[in-house]
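Work through the exercises below with the coordinates open. Each task is followed by a solution in steps.

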Amino acid sequence: MNAKERRLLDELEQALAAGALRLAYQPKVSVADGSLVRVEALVRWAHPVLGDVPPGRFVPLAEEHGLIGDLTQWALRTALRQWREWHAAGLDTDIAVNISAISLEQLDFPDLVERMCRALNVPTERLVLELTEGATQPLIKLMDTLTRFRIKGVGLAIDDFGTGYSGLIQLRKLPFTEIKIDRQFVTGLPTSHDDQVIVRSVIDLAHGLGLAVTAEGVETVEQLHALRSLGCDLVQGYLLAHPLEAGELIGWASRHKRRWKLLVRPPEDPHLRRRLEANA
């Protein structure tokens, strides 16, 4: 590790200890009726000098140098507390948290998560843990850990499905409950025959295995309509909402109910359609 990475790691550790990290929340909605089903908790770090540091830069450092456990526990605890606040305010939703495969190497991790849920009075059935497909390569060896999560009622999702190499093996052997289709297959979906074939195949495969399907990176009305026609279950992306502050979610949910009707029945006027996309 070079000096620059060491400094960034030290600053990340300090930020975590000082409570300088935060979570943003991106809604996932049902393709069938637009209802809010889940929110994904996303770690954000506003560095005083560097500005917003993307998770893709600091999470690998945390994984490589022993900080990922503390970061994961903070994210879980923060997200579960926020779920409780939303629930008390009458907002009904599940919560998803991204988990490193390294955390799953801890034998007591499922018990730790269950204790967190119990202490914060959050049903385990309302929590989904998301793992990237690339990170799931060693998870075959962690079958017992993943199975224990499912026994406890916690959902398991493969994030960015289609970007790794062993996706079908993971689906066949591991107890996942959800697939998330990577945004690269969603971007050209309205016009690309190849993307349509791939996405349709993934959706049919997942449904055949009893799994739900979420499409990431939905940014246009045309993409949303294509996913509806292919039978996708959930969608998330800038068309619906950018990642929100916790206090913004209830207001967004109220506005979204009215806006959804326009999204699924867009006007012929392309200017109005563009305004819908711009005003997510």
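Keep in mind that the model is predicted.

**Exercise 1. Helix α8 and its buried residues**

Task: find which residues of α8 are buried.

Solution. 
- Step 1. Select helix α8, residues 221-230.
- Step 2. Apply the cut-off: buried means under 20% relative accessible area.
- Step 3. Read off the buried set: Val221, Gln223, Leu224, Ala226, Leu227 and Leu230.
- Step 4. Take glutamine 223 from that set. Its relative accessible area is 6%, so it counts as buried.
- Step 5. List its contacts, leaving aside neighbours within four places in sequence. Glutamine 223 is in contact with Val186, Thr187, Leu189, Pro190, Gly217 and Val218.
- Step 6. The C-alpha atoms of glutamine 223 and leucine 239 are separated by 9.4 Å, at 16 residues apart along the chain.

**Exercise 2. Packing of α8 with α9**

Task: describe how α8 and α9 pack, giving the angle and the axis distance.

Solution. 
- Step 1. Two packed helices are described by the angle between their axes and the distance between the axes.
- Step 2. For α8 and α9 (residues 249-264), the angle is about 80 degrees and the axes are 10 Å apart.
- Step 3. Classify the angle. The range from 65 to 115 degrees counts as roughly perpendicular, so α8 is roughly perpendicular to α9.
- Step 4. Name the contact residues. Helix α8 supplies Val221, Leu224, His225 and Arg228. Helix α9 supplies Trp260, Leu263 and Val264.
- Step 5. Sort the residues of this contact by type: five nonpolar, one polar and one charged.

**Exercise 3. Strand β6 and its partners**

Task: which strands are joined to β6 by bridges, and how many of the residues of β6 are buried?

Solution. 
- Step 1. Start with β5 (residues 127-132). Five bridges join it to β6, and the two run parallel.
- Step 2. Go to β7 (residues 178-181). Three bridges join it to β6, again in parallel. Here phenylalanine 161 is partnered by isoleucine 181 of β7.
- Step 3. Six of the seven residues of β6 (residues 155-161) are buried, so the strand is largely enclosed by the rest of the structure.

**Exercise 4. Phenylalanine 58**

Task: is phenylalanine 58 buried or exposed, and what is it in contact with?

Solution. 
- Step 1. Phenylalanine 58 lies in helix α2 (residues 55-64).
- Step 2. Its relative accessibility is 1%, so it counts as buried.
- Step 3. Leaving aside neighbours within four places in sequence, its contacts are Leu12, Val43, Trp45, Val53 and Leu71.
- Step 4. Phenylalanine 58 and leucine 8 are 7.8 Å apart, C-alpha to C-alpha, and 50 residues apart in sequence.

Terms used
Residues numbered from 1 in each chain as written. Predicted model: local features only at pLDDT ≥ 70, side-chain atom pairs only at ≥ 80, totals over all residues. Heavy atoms only, no water. Buried < 20%, exposed > 50% of the residue type's maximum accessible area, 1.4 Å probe, protein only. Helix = DSSP H or I, 4+ residues; strand = E, 2+ residues; numbered from the N terminus. Pairing = 2+ DSSP bridges. Axes fitted to C-alpha atoms, helices over the stretch in contact; angles between N-to-C directions. Parallel < 35°, antiparallel > 145°, perpendicular 65-115°, else oblique. Contact = heavy atoms within 4.5 Å. Nonpolar A, V, L, I, M, F, W, Y, C, P; charged D, E, K, R; others polar.
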